[in-house]
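Please look through the structure shown below with this briefing beside it.

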Amino acid sequence: MDVSVIMVNYNTLELTKNTINSVIEKTSELNYEIILVDNASVDGSVEFFEREYKDKIIFIKNNENLGFGRANNKGIEIAKGKYVFLLNSDILLINNAIKILFDFMEKNEDCGVCGGNLFDVNLKPTHSFLKKLPCLSSEINFQLNFFSKIFRKIINKRGDFNYSKNEKEVGYVTGADMMIRKKILLETGLFDKDFFMYSEESELTYRIKQKGYKVISIPQAKIVHLEGKSSIFKEKKHHMFLESKYKYFYKTSNLKTCKYVYYISQIGYFLRFLITCNKDYFKIIKINKEEYREFLLNYYVSRRN
């Protein structure tokens, strides 16, 4: 088996169906399997995929919502492919992207992870990678993203999309389309179970890089990411995002870095409020404070003990 395509579904029946159909339609010259992990959906997904796709996919049913990383782990554990290709449920392939990524991995043994160029629903470039793994400087850049968006509109280019025709080494590729050499996961372990959603792919990539492997952006592989279509309520999303951020920085750095990240974040969100007068940023400041306190009181203390 060349590639195991792994997807996680949580109440996104139509999106997931379209993603699976896209993989089947666009993928050729490759021996692959599709593994769909359902996180206890209640929208009829279980009945639908068991009935309509029983001969096309391997279907795993969870009794609870395990989140992104733990659900993918279930698929990885039974995957037969030389590579695992993690694919969001809101993805549409533009070309034979999986074969393109597979071919690159076959020719480059030092590459541990690769991903393609992502486009939004209007086929405009969207977030595909970061030039380096999240760190203090990237946190500053994240908070100044409001200004960089204005700058990007002027030059009409993003910093997280590969506009060239050449592969290039990056910090990480988004978990929306992440091809990983499976043997590496036997060295590093799978996704960290401490993460429910967000930052889990960055933390796994950190461990893979620690083993000396490269992470590569492959612009020839082209994929549509309907980003946000499967996301949950905004406030809850921010809670999960910030919770995972502090866990990531603690695991890959130290407590002092988490403290710096907290203050940089609070200053950044306050500056955004001053510029936009958007009261949502005050809500995010409150959520950030809550999540940092929760991290210190529960997660950090429990790990020390």
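The axes of helix H1 (residues 13-26) and helix H2 (residues 45-52) come within 10 Å and cross at roughly 25°, where axes are lines fitted to C-alpha atoms, for helices over the stretch in contact, and angles run from 0 to 180 degrees between N-to-C directions. Because angles under 35 degrees count as roughly parallel, H1 is roughly parallel to H2. This is a predicted model, in which local features need pLDDT of at least 70 and side-chain atom pairs count only at pLDDT 80 or more, while totals for chains, interfaces and linings use all residues. Residues are numbered from 1 along each chain as its sequence is written, and side-chain values use heavy atoms, with hydrogens and water left out.

**Helix contact**
- On the H1 side, Leu 13, Thr 16, Lys 17 and Ile 20 meet Ser 45, Phe 48 and Phe 49 of H2, contact meaning heavy atoms within 4.5 Å.
- The residues of this contact divide into four nonpolar, two polar and one charged.

**Aromatic rings**
- The count comes to 21 aromatic pairs, a pair being rings of Phe, Tyr and Trp (its six-membered ring) whose centres lie within 6.5 Å.
- Phe 161 and Tyr 163 have ring centres 4.9 Å apart and planes at 65°, so the pair is edge-to-face, a term for planes over 60 degrees apart.
- Phe 161 is buried (under 20% relative accessible area), with a value of 6%, whereas Tyr 163 is partly exposed, with a relative accessible area of 35%, which falls in the range between buried and exposed (over 50%).
- One aromatic cluster is formed by Tyr 246, Tyr 250, Tyr 262, Tyr 263, Tyr 292, Phe 295, Tyr 299 and Tyr 300.

Methods
Helices (H or I, at least four residues) and strands (E, at least two) are DSSP runs, numbered from the N terminus. Angles under 35 degrees count as roughly parallel, over 145 as roughly antiparallel, 65 to 115 as roughly perpendicular and the rest as oblique. Ala, Val, Leu, Ile, Met, Phe, Trp, Tyr, Cys and Pro count as nonpolar, Asp, Glu, Lys and Arg as charged, and the others, Gly among them, as polar. Rings of Phe, Tyr and Trp (its six-membered ring) pair if their centres lie within 6.5 Å; planes under 30 degrees apart count as stacked, over 60 as edge-to-face and the rest as tilted. Buried means under 20% relative accessible area, exposed over 50%, partly exposed in between (1.4 Å probe, protein chains only).
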